[in-house]
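Hi,

Here is the structure I promised to pass on. Have a look at it first, then read my notes below.

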Amino acid sequence: MKNIVILTGSGISAESGLKTFRSEDGLWLNHRVEDVCTVEAFERNPSLVHSFYNELRPIMMKAVPNAGHQAITMLQQELPDVTINVVTQNVDLLHEKAGSKNIYHIHGRIDECVCMNCGHVLTTLGDVESDESCPECHVQGMLKPNIVFFGEMPKYMDEVDKMLAECGMFIAIGTSGVVYPAAGFVRQAKFYGAKTYLFNLDPCNNSSQFDQEILGKASQTFPKFAEELINELKKKG
Ligand code: OAD
């Protein structure tokens, strides 16, 4: 088996009590995207953007991984000869908490800020205020949540391009397939010959591009698949 790429979205964390983005009670409903997750919003009103992420941070930090996250770790542990990369759109740390490795946070992390003056990335577990100074360059008011806002480039795109070109299996879990470039990864993987699987509650925006779509809660559907895959690959040796 060539490498496996697992793309995760907020649906995998839903059963850990974290809201998805586009569900009826999702994150964007209380706040308009334009107010809290764009470069323009941050320039216009950094205090509002910081307070949104200050509210979200402790909720995410308290969450615990569920069987979906754990099944990814199990795959990595049971198949040490296969490189399994986890490309996540989630800014929570549930893959880390579940003990997974090779995690790429393409939309950033809730526990970090970046200084827009010097590029220094710092861990921020408590609240961050808009007038704080960077501990590295000491310039005030330039700390931004290390979240990829609309209008910014996602992170690790070169690494992800390479992984997709080399993978034999592409698995998306809990993502609506609406936000690019992540929504385009399945097409890229398929182009290079990978088998493609989707584990989602509902059909997603790009469902037709997947070879197999397994609908249901990821905490139930994905562990079963992972177990079967481990048995199959171990049998093949
Ligand atoms: P969405 O809210 O767009 O989609 C979540 C998907 O998860 C939906 O298709 C649901 O059907 C599915 N889902 C919900 N509960 C599930 C469960 N228990 N098991 C399996 N699937 C479930 O969230 P994302 O696709 O993650 O970007 O959104 C992508 C990006 O949009 C986010 O990373 C965020 C947002 O803009 C940034 O913050 C930069």
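A quick term before anything else: a polar contact is a pair of N or O atoms within 3.5 Å (within protein, one must be able to donate a hydrogen and the other to accept it, and residues adjacent in sequence count only if both atoms are side-chain atoms). With that in hand, look at Leu-201: one of its polar backbone atoms is 3.1 Å from a nitrogen atom of the ligand. Gln-89 also uses a polar backbone atom, 3.1 Å from an oxygen atom of the ligand. Asn-200 uses its side chain instead, with a polar atom 2.9 Å from a ligand oxygen. On its own the ligand exposes 800 Å², and the protein buries 94% of that (areas by the Shrake-Rupley method with a 1.4 Å probe).

Some ground rules: this is a predicted model, where local features need pLDDT of at least 70 and side-chain atom pairs count only at pLDDT 80 or more, while totals for chains, interfaces and linings use all residues. Residues are numbered from 1 along each chain as its sequence is written, and side-chain values use heavy atoms, with hydrogens and water left out.

Who else is around the ligand? There are 23 surrounding residues, and the closest are Glu-15, Arg-22, Thr-175, Ser-176 and Asp-202 (a residue counts if one of its heavy atoms lies within 4 Å). By class that shell has 8 nonpolar, 11 polar and 4 charged residues. Here Ala, Val, Leu, Ile, Met, Phe, Trp, Tyr, Cys and Pro count as nonpolar, Asp, Glu, Lys and Arg as charged, and the others, Gly among them, as polar.

On a 1 Å grid over the protein atoms alone, a cavity is a set of points where a 1.4 Å probe fits but cannot get out, and a pocket is an open set with protein on both sides within 12 Å along at least five of seven lines; lining residues have an atom within 4 Å of a point. The ligand sits in the largest pocket, meaning more than half of its atoms lie within 2 Å of the grid points. That pocket holds about 810 Å³, a volume being the space filled by probe spheres set on the points, which are joined across faces, edges and corners. Its lining has 43 residues, with Ser-10, Phe-21, Arg-22, Gly-174 and Ser-176 closest to the centre. Helix α4 gives the most to this lining, with 3 residues (helices are DSSP runs of H or I, at least four residues, and strands are runs of E, at least two, numbered from the N terminus).

One last thing to find: a cis peptide bond joins Tyr-180 and Pro-181, with omega about 5°. Pro-181 lies in the loop between β7 (167-173) and α8 (185-191).

Cheers
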